[in-house]
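Student: Could you show me how to read the features of a protein model, going from the whole chain to a single residue?

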Amino acid sequence: MNNNINVPVNPTYHEVVNDFAKEWEKNKSERYKEYRRKWSENPKNFIVEDAPLHLDIEPTNACNLKCPMCPRTVIVNDDIRSKNFTVGIMEFYTFKKIIDEAVQIGVYSIKLNWLGEPLVHPQIVDMVRYAKQKGIIDVMFNTNAALLNEELSKQLIEAGIDKIFFSFDSPFKEKYEQIRVGAKFEDTFNNIKKLIQIRNEMGRTSPLTRVSMVLMENNKDEYDEFIKLFKDIVDVVAYVEYREPIASVKDKIDYEKKFACSQLWQRMFISWNGDVVPCCVDSEKEIFINNVNKVSIKNIWNSSKYNNLRENHKNGEWYKENRCKKCDIPNKIKDGTI
């Protein structure tokens with residue numbers, strides 16, 4: 001372990017957790033707790049497991065909304081970038097192939113989204129059910145909840161979804177609808193409340209629910225009101241710090257700053273067509289590693305390209321990768337902390 005390298009884990013994420021959520025975590029299996037321990041410790045100790053701890057699998061990169069801070073919106077609205085952006089959905093046989101291998105090599109958890117809205121995929125319930133039946137211990141996704149309804153909520157709960165993360169962005173109707181372009185405040189709010197009501201009426205403890213907002217210049221003073229609105233409804237209220245949707249290389253790069261990205265030791269991202277990238281913000285696939293339809297997950301994870309990237313970060317030379325020079329996180333580090 002190199003104590004001189006700063007490896008922030010989930011640095012842009014902040015939350016308020018209720019007693020239900022604390023109890024939920026405490027009552028999880030030993031395997032789940034092992035997964036969460038490795039999530040925190042492996043990046044800090046530069047431990048590379050034989051397989052990723054977690055897979056972000058994108059059922060689709062299609063979305064029903066056009067949120068201005070979303071990289072997808074920027075890409076679609078850009079004449080040049082949009083030419084390289086093909087909208088599609090993951091075939092179910094591809095998803096099954098990914099899950100079958102993931103279980104075999106010891107992947108603990110999956111999140112069913114990346115750039116798109118998972119509820120757009122017509123087989124999202126089947127995906128959740130298949131992953132749970134095969135033994136994935138933590139199945140989750142982020143959703144804008146605009147497409148959620150009573151029947152879908154019930155089906156997802158019955159399929160075994162472990163966590164649902166709602167993106168909402170403002171406690172005020174006018175501001176919310178300016179940010180979540182295409183959604184209606186009351187409808188989405190009621191969709192969230194209804195899912196939790198159905199969960200409770202079914203006598204289930206899962207899914208754990210979280211609502212979060214992206215903290216931006218135009219809503220950064222609203223978080224206290226956001227907490228008041230949701231603290232007695234969902235289990236966790238959170239905010240994520242704003243990051244540039246499509247970043248460029250920073251004007252000034254501090255090459256002395258010792259930083260390593262935790263994701264390189266935790267997770268990989270699989271797009272709807274099977275392409276793999278190592279980074280949550282690499283929307284344009286600048287660090288394309290390989291494709292799961294051609295190479296196994298395990299071989300991709302242990303590939304020379306992945307390992308070279310890890311080695312650069314481990315040595316504090318994160319800036320050797322052009323995409324990493326665009327990242328907001330190294331710039332947030334001051335005096336060894338975020």
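The dialogue below takes up the overall form and then one residue.

Tutor: This is a predicted model, in which local features need pLDDT of at least 70 and side-chain atom pairs count only at pLDDT 80 or more, while totals for chains, interfaces and linings use all residues. Residues are numbered from 1 along each chain as its sequence is written, and side-chain values use heavy atoms, with hydrogens and water left out.

Student: What does the radius of gyration say about the protein chain?

Tutor: The radius is taken over C-alpha atoms, and the globule rule is 2.2 Å times the number of residues to the power 0.38. For 338 residues a compact globule would have a value near 20 Å, and the 19 Å of the protein chain agrees with that.

Student: How many helices and strands are in the protein chain?

Tutor: Helices (H or I, at least four residues) and strands (E, at least two) are DSSP runs, numbered from the N terminus. The protein chain has twelve helices and ten strands, and strand S4, residues 138–143, includes Thr 143.

Student: Is Thr 143 buried or exposed?

Tutor: Buried means under 20% relative accessible area, exposed over 50%, and partly exposed in between, with a 1.4 Å probe and protein chains only. Thr 143 has a relative accessible area of 2%, so Thr 143 is buried, and 55% of the 338 residues of the protein chain count as buried.

Student: Which residues is Thr 143 in contact with, leaving aside its neighbours within four places in sequence?

Tutor: Contact means heavy atoms within 4.5 Å. Thr 143 is in contact with Glu 117, Leu 119, Ile 164, Phe 165, Phe 166 and Ser 167, once those neighbours are left aside.
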